[in-house]
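These are my notebook entries on a single protein chain. I set down what I looked up, entry by entry.

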Amino acid sequence: MAHVSEAQQQHSGDEDGPRPEPIRFFGTTWVHHDGGYRWRRVGLAIGSLAAAAAGAFLVRFAYQGFDTADVGGFVKILFIAAFAVCTALAFRQTWDGFNRRPEAKGDNRGLLLIGFIGSLVAYFLRCLREAPGEKLRRAEYEQAREAHQRRRTARTGNPAARPADVKKRKRR
């Protein structure tokens, strides 16, 4: 867990309770949607869309390089198909990463690198609704807070001040 400011601790209520996990570019502002949360979402949505457009422009240059080199139709089709498949897979993997923790499968960094436009588009679309990964982190945070509250209420009170009949039942 990252460092949490005093203001954020006051928002969470308990200093000894669970702390929210920060999200990249948002920190813990996603908890109460404060600290410029909305402007960050807007900025990141615009930034990811601009980066996707710039990436598409670069891919266009790569395709023009194939055209200039006169490599033939098969290589061009293979390039387009490979890039389209990698982009679709990168989009799907990024989108799923916002809703659940990634499984410990193989390393797909190369796939994400080739299909970077798909990842950027997924990031853009999620920023339109919420901070990327907010739904997952909010569910985990609420679950941790409820578990902490249950543990805390189960231990309240002075055990020596319990009625005698409760003490006898525990000994049996």
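Is Trp95 buried, partly exposed or exposed? I looked up its relative accessible area, which is 23%, so Trp95 is partly exposed. The cut-off for buried is under 20%. I note at the outset that the model is predicted.

**Entry 1: the chain overall**

I counted seven helices and zero strands in the protein chain. From the N terminus on, the elements read α-α-α-α-α-α-α. Of the 172 residues, 27% are buried. I then took the accessible surface, which comes to about 12000 Å², with 59% of it belonging to carbon and sulfur atoms. Among contacts with a separation of 6 or more, 64% join residues 24 or more positions apart.

**Entry 2: helix H3**

I checked the length of helix H3, residues 73–99. At 1.5 Å a residue, its 27 residues should span 39 Å, and the end C-alpha atoms lie 40 Å apart, which agrees. I listed the buried residues of H3 as Lys76, Phe83, Cys86, Thr87, Ala90, Thr94, Asp96 and Phe98.

I looked at Thr87 in more detail. Its relative accessibility is 17%, so Thr87 counts as buried. The side chain of Thr87 reaches the backbone oxygen of Phe83 at 2.7 Å. Beyond its neighbours within four places in sequence, Thr87 is in contact with Gly115, Ile117 and Gly118.

**Entry 3: the nonpolar core**

I found that the largest nonpolar core has 14 residues, and that Phe26 and Trp30 have the most contacts inside it. Helices H2 (37–69) and H5 are the elements that give two or more residues to this core. H5 gives the most, with four residues.

For Trp30 I recorded a relative accessibility of 0%, so Trp30 counts as buried.

**Entry 4: aromatic pairs**

I found nine aromatic pairs in the structure. In one of them, the ring centres of Trp30 and Tyr141 are 6.3 Å apart with the planes at 80°, so the pair is edge-to-face. Trp30 lies in the loop between helix H1 (6–12) and H2, while Tyr141 lies in helix H6, so the pair ties together parts 111 residues apart in sequence. Tyr141 counts as buried, at 5% relative accessibility.

I next took the pair of Trp95 and Phe98. Their ring centres are 6.3 Å apart and their planes stand at 70°, so this pair is edge-to-face. Trp95 and Phe98 are three residues apart in helix H3, and therefore separated by about one helical turn. Phe98 is buried, with a relative accessible area of 8%, whereas Trp95 is partly exposed at 23%. I also noted a cluster in which ring pairs link Phe66, Phe79, Phe83 and Phe116.

**Entry 5: Glu130**

Where does Glu130 lie? I placed Glu130 in the loop between helix H5 (116–129) and helix H6 (134–154). Its relative accessibility is 10%, so Glu130 counts as buried.

Which residues does Glu130 contact, leaving aside its neighbours within four places in sequence? I found Tyr37, Arg41 and Lys135. The C-alpha atoms of Glu130 and Arg41 are separated by 7.3 Å, although these residues are 89 residues apart along the chain. The side chains of Glu130 and Arg126 are joined by a polar contact of 2.9 Å. The side chain of Glu130 also reaches the backbone nitrogen of Lys135, at 3.4 Å.

Technical notes: Residues numbered from 1 in each chain as written. Heavy atoms only, no water. Expected span 1.5 Å × (residues − 1). Buried < 20%, exposed > 50% of the residue type's maximum accessible area, 1.4 Å probe, protein only. Contact = heavy atoms within 4.5 Å. Polar contact = N/O pair within 3.5 Å; in protein donor to acceptor, adjacent residues only side chain to side chain. Core = buried A, V, L, I, M, F, W, Y, C linked by side-chain atoms within 4.5 Å. Areas by Shrake-Rupley, 256 points an atom, 1.4 Å probe, with all protein chains shown as cover. Phe/Tyr/Trp six-rings, centres within 6.5 Å; stacked < 30°, edge-to-face > 60°.
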